[in-house]
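Please read it alongside the sequence and the structure shown here.

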Amino acid sequence: MKAIVTVLGKDKVGIIADVANIMKNYGVNICDISQTLMQEYFTMIMLVDLSAATVDFAELQKNLAASGEEIGVDIRVQHQDLFDSMHKI
Amino acid sequence: MLNTGDILETIKMVDDQNLDVRTITLSLSLLDCADSDGKAAERKVYDKIMRRAGGLVKVGEKLSSELGIPIVNKRVSVTPISLVGSPSGNYLGLARVLDKAACEIGVNFIGGYSALVHKSMTDAERRFMETVPEAIGTTEKVCSSVNVASTRSGINMDAVAMTGRIVKALAERTADRDAIGCAKFVVFANAVEDNPFMAGAFTGLGEGEATVNVGVSGPGVVAAALKACKGADLTTVAEVIKRTAFKITRAGQLVGSKAAALLGAEFGIVDLSLAPTPAIGDSVAEILEIMGLSSVGGHGTTAALALLNDAVKKGGVMASSMVGGLSGAFIPVSEDAGMIKAARSGKLTLSKLEAMTAVCSVGLDMIAVPGDTSAETVSAIIADECAIGMVNNKTTAVRLIPVPGKTVGDEVNFGGLLGSAPIMPVSDVDSGEFIRRGGIIPAPLHSLKN
């Protein structure tokens with residue numbers, strides 16, 4: 001299953017490295033990354049593949065949010081479907 | 001490929017602009033639960049709701065979390081109890097069972113304590129109608145509706161007179177809670193069979209066994225989109241609303257189809273609704289004010305609302321495989337911060353609201369009026385609203401709350417999504433004789449349109 005991970009927070013050194021490491025720990029494969037700074041806010045969006053994930057979706061969501069809190073960013077994971085539905089005909 | 005702009009736009013809609021799916025409503029047929037033994041009917045109804053809707057709340061929560069969009073309400077609607085209960089006459093027993101099942105499965109409302117009496121009333125339906133105040137006044141989650149008029153059959157004025165008395169009786173029964181019982185009772189003209197919204201949801205006789213109907217929302221999203229095109233002409237405004245409504249509706253379509261699959265039900269319709277909440281930034285009134293009215297209720301309000309209502313439908317229709325319900329902008333007074341403000345200042349009156357209902361969904365909704373408003377006056381207000389629905393071939397509804405002991409200048413607070421409202425003045429003209437005549441106002445002619 002494909003999902004969208006968004007990482008939002010104040011910019012600092014090592015966010016990408018930290019987040020990538022968290023993904024690796026849960027067996028989440030990163031397929032695509034887009035990252036930008038909006039004002040001083042770090043905004044990263046990743047398309048990820050969860051087929052080899054070591055935990056189920058609900059637990060992954062909970063763990064990512066908790067890990068995000070530790071490194072000071074907001075990490076959320078959502079099914080890709082909502083974005084596709086709303087923005088593609 | 002990732003489109004950062006689209007993804008962030010969706011997240012912003014949810015985080016900052018109150019985008020949500022307002023309700024997933026499982027519409028359940030209870031026709032197979034009718035039984036001449038009242039206790040057996042209760043058992044069948046309870047078992048069926050538990051079996052078919054037991055997983056509804058869990059499914060809603062799962063989808064909400066996985067998709068990242070709030071699903072505010074999970075609800076059940078059922079076949080009109082006036083029909084299911086008629087072989088036994090055990091209407092009140094069924095109301096209690098509906099309430100019990102609703103509490104156990106965790107939905108916030110269950111609708112369908114309803115009767116369809118738009119042309120005439122059977123003896124059983126008359127007896128059913130007499131039970132409504134007790135049924136709604138003594139249960140927590142049961143909602144009731146009565147269809148008293150239709151474009152094809154006219155207005156059943158005997159039923160209109162009766163519903164005025166029901167509203168008053170409900171107000172008295174729940175006087176200690178600001179007459180909240182009245183918020184669970186709605187009177188319709190041209191009621192629809194697949195409405196997901198309460199208090200008026202019921203499962204029509206043309207519906208299937210179990211169907212998921214979805215009500216979307218998103219006034220805040222439309223308001224944000226319109227703020228970004230300040231100064232643009234109204235053609236552009238309509239375009240922006242259409243585009244926004246498309247996106248909102250797609251979210252509803254997605255949630256509805258997924259919920260239906262998970263519940264083993266059919267996917268029914270998306271109700272293309274703009275349903276406000278009392279939260280700041282989730283107001284239909286605010287949209288009209290962004291269009292250029294200094295307050296909702298002023299001249300131009302009806303025109304602005306007509307534009308909004310039509311654009312919402314045009315944008316939504318293409319976004320969903322099936323649309324239905326009450327589709328359109330809702331203007332409940334107590335549930336919309338902008339409407340509350342305008343009503344409080346006297347800029348929004350009952351007369352203007354009545355005019356607005358001619359061009360939008362659904363009717364005079366969640367309006368608190370003085371407690372000494374007579375049953376005949378309530379009926380007369382219902383009759384006016386029915387006439388608008390009947391003549392214009394649209395659904396209209398009335399949900400009035402005559403709050404005992406309160407008068408103009410007072411406020412009521414229902415809490416939660418039902419919000420709060422100032423008591424609005426009603427005309428002191430006596431319409432009693434007109435209402436007491438009873439009979440039928442015949443259906444209108446469909447030619448010579450003027």
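## Helix packing in chain B

H7(B) and H14(B) cross in a right-handed manner, a crossing being right-handed if the near helix is turned clockwise from the far one by less than a right angle, and left-handed if anticlockwise. The model is predicted: local features need pLDDT of at least 70 and side-chain atom pairs count only at pLDDT 80 or more, while totals for chains, interfaces and linings use all residues. Residues are numbered from 1 along each chain as its sequence is written, and chains are lettered from A and ligands numbered from 1 in the order in which they are written.

The contact involves Met157(B), Val160(B), Ala161(B), Thr163(B), Gly164(B), Arg165(B), Val167(B) and Lys168(B) from H7(B), together with Ala375(B), Glu376(B), Val378(B), Ser379(B), Ile382(B), Ala383(B) and Cys386(B) from H14(B), where contact requires C-beta atoms, placed from the backbone, to lie within 7 Å. Helix H7 of chain B covers residues 157-173 and helix H14 of chain B residues 375-392, and the two pack at an angle of about 130 degrees with their axes 8 Å apart.

## Overall build of chain A

Chain A contains 3 helices and 4 strands, helices being DSSP runs of H or I with at least four residues and strands runs of E with at least two. Read from the N terminus, the order of these elements is β-α-β-β-α-β-α.

The C-alpha trace of chain A spans about 35 × 30 × 20 Å along its principal axes. Among contacts in chain A with a separation of 6 or more, 65% join residues 24 or more positions apart.

Methods
Axes are lines fitted to C-alpha atoms, for helices over the stretch in contact, and angles run from 0 to 180 degrees between N-to-C directions. Two residues are in contact if their C-beta atoms, placed from the backbone, lie within 7 Å.
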